[in-house]
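Let's take a walk through this structure together.

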Amino acid sequence: MKIFNAAQIQALDKETVSNQYISSFKLMERATTKVFEKLQTRYKLYQTSFVIFCGTGNNGGDGLTLARLLKEGGAMVKVFLVQTKKYSPDNAQNQDLLEDRDINVEKFNTKSKLKVKKDDVIVDALFGIGLHSPLDEEWRPIFDFLNETPCLERVSIDMPSGLLADVTTPIEAIVFKADVVYTFQLPKTALLLSDAKEYVKELEILDIGLDLDYIESTKSDAYFVEQEKVRNLVKSGTKFSSKDDFGRVILIGGSKGKIGAMTLASKAAMNTGSGIVTTYVPNCGYTILQTAIPEVMCDTCAGEDYIKVFPSVEHYDAVGVGCGLGLHKDTATALVTFLKDNKDKKLVIDADALNIISEQKCLDKVPVESILTPHEKELKRLIGEWDNDFDKIDKVKQLAKKHNVIFVLKGAHTITIAPDETIYFNSSGNWGMATAGVGDTLTGMITSLLGQGYTSKEAAIVGVYLHGLAGDIAIENIHPHSLVASDLGKNISSAYNQIAL
Ligand SMILES: NC(=O)C1=CN([C@@H]2O[C@H](COP(=O)(O)OP(=O)(O)OC[C@H]3O[C@@H](n4cnc5c(N)ncnc54)[C@H](OP(=O)(O)O)[C@@H]3O)[C@@H](O)[C@H]2O)[C@H](O)CC1
Ligand SMILES: [K+]
């Protein structure tokens, strides 16, 4: 699914109205009906009272439409409407339709006293994608009230008001803190970034039937990766496949006390479908690995507790480096030599291998089309501080392009950034996955896919999605708090099955 900026969505809106021969009023009704249907399943309407805050534009128009639909659906509804001289035409038309419907509509300004009861649902329809700059300070008392007053839940239509859709919103800006945001048709970049975590606790994208041809023909560099995209990329075997067809991969890493990382990575590589997985660990890991995973071959280096020498990898289809590797200076020296000696080998680079590359300042030695999978702290060591998420993405884009490598920025919507400047936000996964070893599992999975012949970009996109989906399937039976990295490995098979459906 493409991600559009606000201007592109507004153009899409116009194009839809024209191509489908409908009025913008009808489109608003269609969009809001989708929100209504969501609210109908989220709450028992006849027992719930909604206080809807409406702005002066079409986001406000959505709020007014929703007020009518909720009232018809049996809910109690009260509307607060921003006082102004000029409302958008569809907003004004929906105001007219509220007359004689026994809905209390109260006009307010930034100095007004508002009232919400503790079991009301607050609906924020103040500003959507039409917001052109951060809100003025005069709005602060209103938003402080909306964000702090006790209520049942906070719902935003399209955008949490105050959040800009495709440029950064300053950290101190005034923004509504939504429990759930129902956004129309396509996600907006700001909704997917961790900077917005306080404002978007849950996100749902509602298909409102906007013009598909226009979406298809409009260029975008950013995508939201969903199951359909991954389904089209996943390869399957044939009756005559042999283990050689599924790639031979090697995972290099481990140090005393961190052999578990290699166990997780190599098990995940097997479960993702590699024909042959070899692990290369220091001596202390040999018995552990051979006992833990009979399917994996184990090779060791001279070092007892850490890797002193890297192996030859010419006979492998893909190489994963870094899980549990440690930062010993001999390991660091060996890694730098390894990078220089294997300029033509695409690598998956994670954890301490990334930390060593930062310390040794040798990103330029990383083979082209390698995949780097830093979490936030590893990324900071690599690129330094950033001002905000948009700045972070820009910086990583430049690096990816300069070094011709892929970055996988692990997080809530793990972001894959390719050297061609395309960006992929992942849609699968859950908070239970914020636990040790989950990154090692991902490295094993991406390495496996690379070894199976996926391009680097495909391996990253598919690996990240499959990994998140395995986590989502795991929490069907395990509480997110109790999820551990091994649970992901166990559910890779179910994730494949679900994608194939
Ligand atoms: N295609 C779709 O997805 C559909 C979207 N719909 C809804 O429409 C809104 C967008 O509506 P729009 O009228 O373009 O804009 P908003 O309602 O978000 O806001 C416009 C009003 O806000 C004022 N504004 C803008 N920035 C500021 C600011 N920094 N401070 C104060 N006021 C601001 C703006 O004032 P102007 O002076 O610029 O005119 C407007 O008064 C979208 O988000 C969806 O909710 C459709 O309903 C269905 C299709
Ligand atoms: K809103």
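In this predicted model, a polar side-chain atom of Asp-62 sits 2.5 Å from an oxygen atom of ligand 1. The backbone takes part too: a polar backbone atom of Gly-128 is 2.6 Å from an oxygen atom of the ligand, and a backbone N or O atom of Ile-129 lies 2.9 Å from an oxygen atom of ligand 1. How much of the ligand does the protein bury? Ligand 1 exposes 940 Å² when taken alone, and the protein buries 76% of that area. Around the ligand there are 23 residues, of which Asn-58, Asn-59, Asp-62, Gly-128 and Asp-158 come nearest.

Now turn to the sheet. Ten strands make up an open, mixed sheet, and you can trace them in the order β8-β17-β16-β15-β14-β13-β12-β9-β10-β11.

With β9, strand β12 pairs in the parallel sense over 4 bridges, and Gly-320 of β12 is the bridge partner of Leu-251. With β13, β12 also runs parallel, joined by 3 bridges; here Val-321 has Ile-349 in β13 as its bridge partner. Which way do the residues of β12 point? Ala-318 and Gly-320 point one way, Val-319 and Val-321 the other, and all of them are buried. In a regular strand, side chains alternate between the two faces of the sheet.

Further along, β15 (residues 406-409) and β16 (residues 415-417) pair in the antiparallel sense over 3 bridges. One of the pairs to find there is Leu-409 with its bridge partner Ile-415 in β16. Helix α14 (residues 438-451) packs on the sheet, touching β9, β12, β13, β14 and β15, and its direction makes about 150 degrees with that of β9. Helix α15 (residues 456-474) lies across β8, β14, β15, β16 and β17, running at about 15 degrees to β15.

Finally, visit Thr-16, which belongs to helix α1 (residues 6-19). Is Thr-16 buried or exposed? Thr-16 counts as buried because its relative accessibility is 0%. A polar atom of its side chain lies 2.9 Å from the backbone nitrogen of Asp-211. Beyond its neighbours within four places in sequence, Thr-16 contacts Tyr-21, Ile-22, Leu-27, Gly-209, Leu-210 and Asp-211.

Definitions and conventions
Residues numbered from 1 in each chain as written. Chains lettered and ligands numbered in written order. Predicted model: local features only at pLDDT ≥ 70, side-chain atom pairs only at ≥ 80, totals over all residues. Heavy atoms only, no water. Pairing = 2+ DSSP bridges. Helix = DSSP H or I, 4+ residues; strand = E, 2+ residues; numbered from the N terminus. Contact = heavy atoms within 4.5 Å. Axes fitted to C-alpha atoms, helices over the stretch in contact; angles between N-to-C directions. Buried < 20%, exposed > 50% of the residue type's maximum accessible area, 1.4 Å probe, protein only. Polar contact = N/O pair within 3.5 Å; in protein donor to acceptor, adjacent residues only side chain to side chain. Near = heavy atom within 4 Å. Areas by Shrake-Rupley, 256 points an atom, 1.4 Å probe, with all protein chains shown as cover.
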